Amino acid sequence: MLSKNTQINRDQIEMIALDQLVPADHLVRKIEAAVDFSFIYSLVEDLYSTKRGRSSIDPVVLIKMAFIQYTFGIRSMRQTIKEIETNMAYRWFLGFGFYDKVPHFSTFGKNYERRFKDTDLFEQIFYRILKEAADKKLVSSEHVFIDSTHVKASANKRKFEKKVVRKESKAYEARLQAEINSDREEHGKKPIPPDKYEKEENKEIKESTTDSESGYYVKDERTKQFAYSFHAAADRNGFVLGTIVTPGNVHDSTMLEPLVEKVIEKCGKPNAVAADTGYKTPAIAQYLIENEIRPALPYTRPRTKEGYLKKHDYVYDEHFDCYICPEGQVLDYRTTTKEGYRQYISNPVICKDCPLLAQCTQSQNHQKLIQRHIWEPYLEEAEHLRHTEENKIIYARRKETIERVFADAKEKHGMRWTTLRGLKKLSMQAMLTFAAMNLKKLATWTWKSPEMA
């Protein structure tokens, strides 16, 4: 039977407490029960005057407003304020009553510019929440999963100017240079003078005229944009252990070492680090193995042109330090380059009449050149470990940990793109987003409903 609602109770007056309007299992209740946000006062007390000026907005309220935005994936602070005005659960979380005035949306931005901008406040908040989870035995740094994702910058990809800039030096360059010269001396070569390394190497880049600190990122013909890279490390339970934000044109592999160092400093040294193909480099393998950290890296397809012999078809003789080709010819050591590669060359007189010449080299003088990095043994050890059952289990968890972290961050927490500009503000967004995700997981896992208590 069709029925119609004839009672319109919009003007009905009720005597009710705001607490009664918030569902017993609402996420804000779980978060409030999981963390005491009063720790924020001690972090910001030096940023406020105790003697002069008007009374400020409660800093805990400011930070909680930001957590509402990033926890529930609201697109901006302006929209967050609108949601707080009408959402009783948000008002309850902030400690507001029915008629309390909600701060203007610009309040957080002004406080950021005047107080928080040049501080590590958001990083301290991130690690305090992580510590709460660690104290409850929810965090484990035994296996660490590292990756990065691109976040679209608030910048028009067609508005840029080309600039020539100096190439950034890599974290491992100092120790690589020392080993290169040691290797050259062992082979009877002169060490490379320091001025050869210090010589500036330049590259041309596209710099956005809207957000100059973003980086031009090219994935394929369809994906070309200015972006930032959010590099993150997660544990086996999906808790984010650390993050670093860089321009989108910074290669993933250059950030693994500083990110692992951050994890070691804040959470302890991991037993194993898992990362995808982009991190499978001699420098990363050397860093992890030398620090007694097990590398869990994937299989990489040979990059040799189709129809030609693969590098593994040439056998390396460690004792005599040479390569042997499939036809039995020895490729002798020639030199070690300043990039860290030993070069091995064949005898062109022998190669000229070789039946495999067409599959071996395109060189005009019929000479085969093979390059081997001085840290290649570490990469070979990582490849050997790849076949172990332990590594297979560790690497398989990437999709359940760091990849899921990025998927949730983009789908549920507004990290697919940004309205902010500049590295400092993007670092704030990364810290608050991952702190909100850790807080949500901590609150959900430790929640005991009133019925169960």
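The structure is a predicted model, in which local features need pLDDT of at least 70 and side-chain atom pairs count only at pLDDT 80 or more, while totals for chains, interfaces and linings use all residues. Residues are numbered from 1 along each chain as its sequence is written, and side-chain values use heavy atoms, with hydrogens and water left out.

**Strand S5**

- Strand S5 covers residues 224–234; strands (E, at least two residues) and helices (H or I, at least four) are DSSP runs, numbered from the N terminus.
- Of its 11 residues, 10 are buried, so S5 is largely enclosed by the rest of the structure; buried means under 20% relative accessible area with a 1.4 Å probe, protein chains only.

**Partners of S5**

- Two strands pair if DSSP finds at least two bridges between them.
- S1 (residues 143–152) pairs with S5 in the antiparallel sense over 8 bridges, and lysine 152 stands opposite alanine 227 in S5.
- S4 (residues 215–218) runs antiparallel to S5, joined by 4 bridges; here alanine 227 is the bridge partner of glycine 215.
- S6 (residues 240–247) is also antiparallel to S5, with 7 bridges, and its valine 245 stands opposite phenylalanine 230.
- S5 and S6 form a hairpin with 5 residues between them, and glycine 238 in the turn has a positive phi of about 90 degrees.

**Second largest pocket**

- Among the helices that each supply at least two residues of the lining of the second largest pocket are H4 (59–71) and H18 (423–446).
- H7 gives the most to this lining, with 6 residues.

Technical notes. Buried means under 20% relative accessible area, exposed over 50%, partly exposed in between (1.4 Å probe, protein chains only).
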